There are 2 protein chains.
Amino acid sequence: MSIERVAIIGLGLLGGSIGLAIAKHAPGIVTTGYDADPATREAARKRKLAGTVFDNAAEAVGNADLVILCVPVGAMGFAAEAIRDALPEGAIISDVGSSKQSVSDTLRAALPDQCVIPAHPVAGTEQSGPEAGFPELFEHRWCILTPPAGAPEDAVEKLGAFWTNLGSNVELMDAEHHDLVLAVTSHIPHLIAYTIVGTASDLEDVTRSEVIKYSAGGFRDFTRIAASDPTMWRDVFLSNKDAVLEMLGRFTEDLTALQRAIRRGDGDALHDLFTKTRAIRRSIIEQGQDDARPDFGRSDH
Amino acid sequence: MSIERVAIIGLGLLGGSIGLAIAKHAPGIVTTGYDADPATREAARKRKLAGTVFDNAAEAVGNADLVILCVPVGAMGFAAEAIRDALPEGAIISDVGSSKQSVSDTLRAALPDQCVIPAHPVAGTEQSGPEAGFPELFEHRWCILTPPAGAPEDAVEKLGAFWTNLGSNVELMDAEHHDLVLAVTSHIPHLIAYTIVGTASDLEDVTRSEVIKYSAGGFRDFTRIAASDPTMWRDVFLSNKDAVLEMLGRFTEDLTALQRAIRRGDGDALHDLFTKTRAIRRSIIEQGQDDARPDFGRSDH
C-alpha cells in the first residue's frame, strides 16, 4: 500500500513544489492543500499547486493518508493543533522543516496518537511564496527522514518511497545528528551571509551604493542566501539554537586563527587552507550537488 | 591617440580574458603576452589569448603602449623588475590586482620613470589558469582605476577608454578607499567562505561525506568562492592587511550580536536583520550585478 492522498499544509516554495512534483512524477496521487493566507490560497489555486485548495486546514487533511506540514518551524505547533481533530486514523504526519529535534518534539506532543515522521528535503532557493515553487526542486537532492524511536517501519518505508518518487535520494538520520549536520551545511552559512550583508549595509566609510556596484567580487553570492525568507530562518535559528551555537563557536575559532595569520603575515597558513578547500568543491560537483559551470553559468559563455 | 599595442604579463583567467576581450571588442589593437609558466604559454598560444606569446617578458613589452600585469599581487614587484629595462618610453603600466595601495607603491617604486596607473576590474570566476578566460568577463562589470596623485590626465583617460571598450563601466577611486570598499565586497566574503569550508572539513562529529551530500542547503555557494586561486588570495590578504582586519573586526562584532540574539531567543532582532538584507539583494539585481533567476538558474526550470 503506497501513499494515495497527500494533504499539503502551507503552500509556499516547499509546499507548492511538493504539489507540482506530485503532479509531474506521481499524477495518481490526489492532493489537497491549505495555507493560512487567503492570497496564497488564491495564487495556489491559479497555479494548481494542489488538486483542491481548501479554506481551512481541517477540511484539507480530512481524507489524507499523508499530511506534510510546510510551514515555518515556529508555526508547526499551531498547524498541528489546527488539524488535530480532523486527522484520519493511521495518517502519517510529516513536515519539511530545516531543524528536526524541536519539530519532532512539538509534533509528537501535539499529536500523541498519530504516526509522526519528520523529514527535511535539503533543497530550496532564495525565493519564497506560492509563485516560487517548481516540480523539479527535489530532483537529485537529498531528503532526510528522522523517524523517532519506535516509528512503524512500514510508514517510514512509505514516506521514503514517496520522496524517492519525487526524484529525491532518501536517507535516515537521528534528529539530533541531523541538526548538527545541517547547522554546518546550511544554518551557519545562512547566518554568516545575513551577517556580512548587514555589516556591509551599515558602514559609514563605504556607501551602500559602492557595496552594490562592486558586489561582483564575491559579496553578491552572499546576498542571494541573505534574501531567503526571514520568518523561516528566524525560526530555524531559534529552534536549532544548541547546534547552531556549537558550530558558530568552531567557525569563530577558525576565523580567529586566520585573522592571526593575516596579522602576522603568515602566508603559508593562508595558502594551505585555501588549497585544502578546493577539494571539497570538487567532490560536491562530482556528486551532482552543484553546477560545475564557472560562476554558476552566470556569464553564459 | 588611443591605445594600439597592449602587452599582457600573466595569462591566467584575467590576462587571458583581456586578450580575448580585445580580440572581440577592439580587434585593431595588437596584443603580445607572456607567462612565467611554459605550460601556460603553450596553452595561451593554442587558445590565442594574445596575438604573439613570447618566451620572455622583456620581449613581450618591447613595443607596447600599455602593459597590464595580470599576476598575483605578491608577484607584481618581480614582474616589474623583469620588464623594467625593456619598457618603451611613455608606456602606461597598469595591472588587475585586487588590492591597490600596495600594488601602487610597489610598481611606482620599481618603475619610477614610468606612468603607473593601477586598475582593478571587479570581475572573475572561481576558475583560474589559461583555459579559464573568456571575452565577456568584463562586460557590465566595473573597472576601478586608482591613478596616483599627479598621474597624467590623458593617460588616465586612455586607460579608461580602453576598459570601456572591453565592455566595462569605469570609475576612478583613491587607492586607499578602493582597498576598504573591496575588503567588504570581496576580501571578507572570500575569507569567511574559506573559513567555513575549512571548519566543515575538519569536524569530528560530522563527516566530510555528510558535508558534501547536504551542501545544497547553502554551503555549496561558499565552496564555489572557496575554490578560487589560493596564491592570488593569499597575496590579497597579505597586501590589504589593514583594511581586511578592520572590516573583519566589524563583521565579528555583528556576528557576536547575532550569536547573543540566538542565545537569548530574541526572534525580533533576527527577523529585523533578515528582512533588511533582502533590500540589498534587490538593488544588486536591479543594477545588473547579478542574475535574478532563483538559485542562479541552477535548476533550469
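Mentor: In this predicted model, 34 residue pairs are in polar contact across the interface of chain A and chain B, both residues of each pair being at pLDDT 80 or more.

Trainee: What makes a pair count as a polar contact?

Mentor: Its N or O atoms must lie within 3.5 Å, one able to donate a hydrogen and the other to accept it. The 34 residue pairs between chain A and chain B were found by that rule.

Trainee: Why is the pair A:Glu171 and B:Lys213 called a salt bridge?

Mentor: The closest N and O atoms of A:Glu171 and B:Lys213 are 2.6 Å apart. The rule asks for a side-chain nitrogen of Lys or Arg within 4 Å of a carboxyl oxygen of Asp or Glu, so the pair A:Glu171 and B:Lys213 qualifies. Between chain A and chain B the count is nine salt bridges.

Trainee: How do you know how much area chain A and chain B bury?

Mentor: The figure is the accessible area that the two parts lose on being put together, summed over both. For chain A and chain B that area is about 10,300 Å², with 67% of it from carbon and sulfur atoms. On the side of chain A, the residues that lose the most area to chain B are A:Tyr214, A:Ile262 and A:Phe274, together 7% of what that side buries. In terms of contact, 106 residues of chain A meet 107 residues of chain B.

Trainee: Which domains does chain A have, and what salt bridge joins them?

Mentor: The domain assignment gives domain 1 (5-173) and domain 2 (177-265) in chain A. One salt bridge is found across the interface of these two domains of chain A. A:Arg224 and A:Glu126 form a salt bridge, since their closest N and O atoms, 2.8 Å apart, fall within 4 Å. Domain 1 and domain 2 of chain A bury about 1,200 Å² between them, 64% of it on carbon and sulfur atoms. A:Ser98, A:Glu126 and A:Met173 supply 42% of the area that domain 1 of chain A buries against domain 2 of chain A, more than any other three residues.

Trainee: What makes a set of residues a nonpolar core?

Mentor: Its members are buried and joined through side-chain atoms within 4.5 Å. The largest nonpolar core has 88 residues, and A:Phe222 and B:Phe222 are among those with the most contacts inside it. A:Phe222 touches residues of both chains, including A:Ile196, B:Ile192 and B:Phe222. Apart from that core lies another, of 38 residues, among them B:Ile3 and B:Leu137.

Conventions:
Residues numbered from 1 in each chain as written. Chains lettered and ligands numbered in written order. Predicted model: local features only at pLDDT ≥ 70, side-chain atom pairs only at ≥ 80, totals over all residues. Heavy atoms only, no water. Buried < 20%, exposed > 50% of the residue type's maximum accessible area, 1.4 Å probe, protein only. Contact = heavy atoms within 4.5 Å. Domains from an automatic or database assignment. Buried area = accessible area lost by both parts, 1.4 Å probe. Polar contact = N/O pair within 3.5 Å; in protein donor to acceptor, adjacent residues only side chain to side chain. Lists of a residue's contacts leave out its neighbours within four places in sequence.
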